[in-house]
Structure formats: structure tokens, C-alpha cells
Amino acid sequence: MTHEEIATRLQEALGKDRVLTGDENVAPYMKERRGFYPGQGRIVVLPENTTQVSEAIRTCTATGAKVVPQSGNTGLVGGGSPRNETEVVLSLRKMNRVRRIDADDNTMVAEAGCVLRDLQKAAADMDRLFPLSLPSEFQCCIGGNLATNAGGLNVVQYGNTRALTLGLEVVLPDGRIWSGLSALHKDNSGYDLKDLFIGSEGTLGVITAATLRLFPRPRQRRVALVALRDLAAALPLLRAAQAESGDAVVACEVMGAGAVAMPVRHIPGCTNPLPGAPWYLLLELATPDPRADLAAALDAALETARRTGGMKGAEVAEDERGGAALWRLRTCIPGTQGHEGASIKHDISVPVHQLPTFVEAALAAVAAEDPTVRPCVFGHVGDGNLHFNLTQPEGWEADAFMERRPRFNQLIHDLVMRFDGSVAAEHGVGQIKGEEMRRRRDPVAHDLMRRIKTALDPDDLMNPGKVVLG
Ligand SMILES: Cc1cc2nc3c(=O)[nH]c(=O)nc-3n(C[C@H](O)[C@H](O)[C@H](O)COP(=O)(O)OP(=O)(O)OC[C@H]3O[C@@H](n4cnc5c(N)ncnc54)[C@H](O)[C@@H]3O)c2cc1C
């Protein structure tokens, strides 16, 4: 069927208001952050409840259309972009209710289109913490977070999205609804189905709601920026802070000098209080224990780093405002990279203790290839996850630099594999890494993934051409 006929059938099934057509109307859903995979679709469906999602999927099956689920559309790997005009964007944005929140159970049931920031607030209103936090939290939604198994800033303490999830509601490719919104902390009654859908990037079904874990809300918080002598000093400092504080480190972010320079140059009022170091560590300690002495714990950890010579200086925030100012140095890096020109990005992970050796080898490899390329390296050092990004040399044309993307990708990703790492650490596979994953994935793992995809979605209805290629 043509896209016009598909749209008509969807309008008949769901009502005209829930189906967008026309270039102007669908344009916001076709934007793709990095500009590599602008959406080619002509239809967007906006269901308001799970039954309508099921109806939309059945109609797509009947018309031969494919389904591309989308939540906040902040993904960085082209996973939410339709590849042609008969791929229908199924946007969850109108499914944005918190269905239940229970402070005794420490759980919340939220629909896929709830913006992450709103869920953090809903938990705080109940004197609880929902710890998932990403720089995109004002736009991304929990459905997308689940579908990408998002990581972010607090993984070192609370784990990634998978670890925060007890149950899911999913509409399957055949239109059936799996009501798995369990609030059970223990349930060994067979395969853990929710874990199949978490991180599947819309290729196995549409996540419509989730039961999420809540935690006691921190009563105190300390934030420090530490200037390091070298990257090798980061891990001992993290371990010292964990030991001194009774494991109260909730975030531990590393930033190279080239990365910190970005927000400082491009955000008015954003300053680096400790200029001149090659590496920086942003540490946040927090605890629900009102009697704990976090300030003393942080001081003790910093003193250890000073004694061992790993630290060049430290700035400890006096209050929330000061802490927020230090955090801006980190959270504004992704948004300001673009001001410096094109970026070749690598979202990678290696075993935590290998990070300094990996980075040394990777920087040497980049310099040997082209010493004018500007590394912009930052990330979640406690999880071994780095954004090893390369900014175009000054004076270069963006297009000319991006032509070298395959070469730099290969250089860095080969090295990652040598360190037993992952070339898709937290952003997912989407379109951008599908081909590469087919080549690099363990063949047994790839075969299992293909079988799972075929078993659940034999007609390749859900998000084709993403994650697991044939
Ligand atoms: C400035 C910035 C900073 C970022 N920082 C981080 C970070 O620190 N850590 C991190 O992990 N990510 C980060 N990201 C990437 C992105 O925000 C995350 O991947 C986020 O989880 C995507 O959520 P979303 O709602 O925007 O999903 P979308 O972009 O809408 O979709 C992402 C993928 O999930 C699928 N999908 C979406 N909704 C559903 C659903 N309901 N059911 C099934 N499949 C679905 C889509 O098809 C697509 O493949 C960042 C992005 C930006 C722009």
C-alpha cells in the first residue's frame, strides 16, 4: 500500500486526531539529533492508551507498514528514525500518565511517554528518589530510556535503567498486550521477559508502561571538582571516596581538558575553577542518612589523593548552587561540542581498571593518525564508559573531517575490542552500529539475537534495519 492508503487505514482505526500526515506536521518526529539518519516517514501515530497502540500495530500489519516506536526522540544512534515512507512512527508522547506511585512499596508505574524529569519530580513529591539521570532528561522519556537501557550519571550507585525496572507492559508485534507490570522484587517463575525488551530499541515490541523502583531520598549531598595529575589517579580517588563514605558516591564523571573547555568557551558564566589540569573528576556523594558526615568523608578521600600525588587541586561546592555550577561543566559538554564543529563520536566501555591504559593507547593512535584532531573525552569513569569523541581540527571543513569517520571509528573500535570492551556502551546500536555489530558481535550471541527477533517478530514489523541485522 502507499503511505496515503496506510494513513487512511490508520485514521479509520484510531481517529483522525491520532494520525499526523503532511510534511510540516510530521517534521519534528523526523529530526535526528546527529543528522546522519533524518527520518523519511510520512505518518506519525499518537495513541493515548495501550489498546490504541495495539490497534495501531494490527493496522500496520494489515497494511504492510512497519512500526518505528519513538518516545522523546533524543536517541543518538538513529534508532527512532523511519527509513522510508511506509515506516510509521508510533510516538508514545501522549501516553504520559503516572498510573500509580507507592511510597511503601517504593515503586511507581509510569507510562512510556513520561518525560524523565517529570518522573524524578513525581518521586521527589513522595519523598523518594528515582535515580535515573541523563543530560537529556528534560526531553527523553522513560519508554526510550527502557528501550535503550539508558545509563547516565548515577549508574555507579544505582545501576542502569534495567536495574531500576521491576515490570513492563508491552504491545507485541502481533498486537497482543503483555501485562507484565509486576511490582515483585522477587519472581523466579521462568525466563525474565522484561529483560528481553529492555535495551531492544523497539525491535521486539512497544513498551507502553513500566513498574520502576524508587529509593530513599538523599538528605545531604557534596559535590567536588578535582583536578587530576593524570587519568590513572581517577580510580584510586573513586575507591577512596567510596571507602570513606560508606559507598555514598552517586556519580563519578571524568572529563579531559579538551572536553571541559567546551562549556567554558560557549556557555556564558560557566567557568573552570581549576584551570590547567589534563583531567578532571566530578564527584558527587549523597546519602539518605542525615547523621552521616559526608564532608569529612570527602575531605579524607581528597587528602589521600593529595598525599599520593594524584591530585593537583580540588573545589568543593559550598551549597546546592555551587554544586550545580560544577555539574554544568559536565552536563553541558554534549550540547556544546557542536559549537566547535563536527565530532566523530565513540560511545565505548572497557573494564574499569583498563580505562587509563586504553585512553593512553587511543590518544596515541589518534595523534599518530592526525595530530591536529582535538580529542574531547568524557564519561562515566565508575562504569568504564567513555565518550571518546574527536572534534574537527581548527580550520577544517566539517564534511572533510566527517569523511574520515570510518577510519577513526575503526581505529578506536579495534582498540576497544582488544581491551574486551563494548563499542555500544550506553546509547545503543540503532542504525549507526547495526552493520558493525554484525561483524564484531560474538557469532553465537548474534545467532541467539536473530532467533529471538524471528520468534517474536517473524515478519520484521518492528523497527526493521536496527540493532540485529540478518
Ligand atoms: C544531550 C544528550 C545527552 C545524552 N546523555 C545520555 C547519557 O548520559 N546516557 C545515555 O544512556 N543516553 C544519553 N543520551 C541518549 C538518549 O537521551 C537516551 O538514549 C534516551 O534513553 C533516549 O530516550 P528517548 O525517549 O529520547 O528515546 P527515543 O530517541 O525516542 O528512542 C530511542 C530508541 O528506543 C526506541 N523506543 C523509544 N520508545 C520506545 C518504546 N516505548 N517502546 C519500544 N521502543 C522504543 C526507538 O525506536 C529508538 O530505537 C543523551 C542524548 C542527548 C541528546
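**Notebook: helix pairs, a pocket and a cavity**

I looked up α1 and α3 and found that they are roughly antiparallel to each other, which therefore sets how I describe the pair. I count angles over 145 degrees as roughly antiparallel, under 35 as roughly parallel, 65 to 115 as roughly perpendicular and the rest as oblique. The axes of α1 (residues 3-14) and α3 (residues 50-63) come within 10 Å and cross at roughly 150°. Axes here are lines fitted to C-alpha atoms, for helices over the stretch in contact, with angles from 0 to 180 degrees between N-to-C directions. Helices are DSSP runs of H or I with at least four residues, strands are runs of E with at least two, and both are numbered from the N terminus.

I note that the model is predicted: local features need pLDDT of at least 70, side-chain atom pairs count only at pLDDT 80 or more, and totals for chains, interfaces and linings use all residues. Residues are numbered from 1 along each chain as its sequence is written, and side-chain values use heavy atoms, without hydrogens and water.

I then checked α13 and α15 (residues 405-418), whose axes come within 10 Å and cross at roughly 155°. That makes α13 roughly antiparallel to α15. The crossing of α13 and α15 is right-handed.

Next I took the second largest pocket, with a volume of about 1,000 Å³. On a 1 Å grid over the protein atoms alone, a pocket is an open set of points with protein on both sides within 12 Å along at least five of seven lines, a cavity is a set where a 1.4 Å probe fits but cannot get out, and lining residues have an atom within 4 Å of a point. Points are joined across faces, edges and corners, and a volume is the space filled by probe spheres set on them. The pocket has 36 lining residues, with R117, S133, E137, R221 and E284 nearest its centre. α11 gives the largest share of this lining, six residues. Domain 2 (98-216) and domain 3 (220-334) both contribute to the lining, so the pocket lies between them; the domain bounds come from an automatic or database assignment.

Last, I looked up the largest cavity, which has a volume of about 40 Å³. L231, A234, L235, V352, L355, P356 and V381 line the cavity. Domain 3 (220-334) and domain 4 (341-418) both give residues to this lining, so the cavity lies between them.

Conventions:
Left-handed = near helix turned anticlockwise from the far one by under 90°.
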